[in-house]
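Visitor: I am new to this one. Could you show it to me and take a few questions?

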Amino acid sequence: MKTQTAILQQQAQTDVIFDTHPEISLDLSLVETTLKKGYQKPFLLIDTRIVRNKARRFKAAMPRVHPHYAAKANPDPRVLKTLIEEGVSFEIASIAELDLLMGLGVPAAEIFYSNPMKSRAYLEYAAAKGVEWYVLDSVEELRKIVCIKPDAKLYLRIDTPNIGSDWPLAGKFGTHLGDISEIIEEAVRLQADLAGVTFHVGSQCRNPQNWRVGIERARKVFDEMRAVGLRPRLLNIGGGYPVRHIKPIPSIEVISEVVNEAIADLPEDIRVIAEPGRYLVSDSACFVCRVVGTATRNGKRWMYWDAGIFGGIIEVSEGLRYEILTQRHGPEIPWSIAGPTCDSVDVLMHEEMLPENLQEDDFIIIPNAGAYTTAYASNFNGFPLPDVIVL
Ligand SMILES: *Cc1c(COP(=O)(O)O)cnc(C)c1O
């Protein structure tokens, strides 16, 4: 049996791992001020000062790692502008994202095309606009890119463990270790500039060791590249940096210890970048919606919000649990919660403990919801897209 001190020591250690740096969320009084001006439809309220601070904190934690924001997490132009002002660069998956960024003055040569599957038409467009860096994870994609842009700078996305990530991506993308040599050989044969390695540990990754393993694998691939005369000069450690919701997370400072150590003796001529998405934008915003109505069904209490799976709160369907705030303080009961549409998929949660006295027209406030919410929303069933209000 453990002694009290042993338990306390263990707890202290866990605190060190998970709470080395306070996370700052949007000030809830700003939500109240916004609501006083009236409410028409669900909205995301963003405080760009927090986006700014997260960018600075990311850079301070990993001085050698240049962030390229994954535009998909929140492509609002005002968010993108804030990040541009902070000296952040970008990674894209589509030409619409490319146009958006170029429209804001970002040079194409600094934009990384990190989607491992690109259509020929998109590649031609990106190449014509001046994009230089392209990812690949298969022989076919290598040939496709080289055929369109023979002088492209290429980076290989390798498979890496996604243990402890809320959204494991391994399997969908990433060259399996056994297939790497074939791609390297084909790059040599095509005289392609295979110049880097990337990986993605999975989104909302709570296990810092995944980055260590990814970097170790990348370094082995560099060796393999050099051995056949290629000139590796990019390490892209991808995204996945987690944000606070219900579960404990390692802070960026804790992750940085692992990353900084793993890249400490990397040759100077290797440029190191990362692709944070969620990390830079999530804490900066609150999502606000409203109760449309309540009902009792077979003894269970149901509540319907004016935003659901199609209105921006889709990550719950993959198991993300948000903190949910209301303005009521009664005793709590388990609620089933659904969105406003008539699709059976549009159910957000079951057994969610919330005040029993919640009712029609009450506001629902979800903190740290700046990533992967409004970016996903659709007009399905005729419901409006949420507003994005930027402070
Ligand atoms: C989505 C994505 C990211 C960002 O992931 P987060 O988990 O939001 O940090 C980075 N790189 C690529 C290639 C992506 O597809």
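Visitor: Which strand pairs with strand 12 over six bridges?
Guide: Keep in mind that this is a predicted model. Strand 12 covers residues 285-297. Its six-bridge partner covers residues 300-305 and runs antiparallel to it. That partner is strand 13.

Visitor: Which residue stands opposite Cys286?
Guide: Strand 12 also pairs with strand 1, residues 43-46. The sense is antiparallel, over four bridges. Facing Cys286 of strand 12 is Leu45.

Visitor: What is the bridge partner of Val288 in strand 17?
Guide: Strand 17 spans residues 363-366. It pairs with strand 12 in the antiparallel sense, over four bridges. The partner of Val288 there is Ile365.

Visitor: Is Ala108 buried or exposed?
Guide: Ala108 lies in the loop between helix 5 (95-103) and strand 4 (111-113). Beyond its sequence neighbours up to four places away, Ala108 touches Met102, Lys129, Gly130, Val131 and Glu132. Its relative accessibility is 6%. The cut-off is under 20%, so Ala108 counts as buried.

Visitor: How many Å apart in space are Ala108 and Pro161?
Guide: In sequence, Ala108 and Pro161 are 53 residues apart. In space, C-alpha to C-alpha, the distance between them is 31 Å.

Conventions: Residues numbered from 1 in each chain as written. Predicted model: local features only at pLDDT ≥ 70, side-chain atom pairs only at ≥ 80, totals over all residues. Heavy atoms only, no water. Pairing = 2+ DSSP bridges. Helix = DSSP H or I, 4+ residues; strand = E, 2+ residues; numbered from the N terminus. Buried < 20%, exposed > 50% of the residue type's maximum accessible area, 1.4 Å probe, protein only. Contact = heavy atoms within 4.5 Å.
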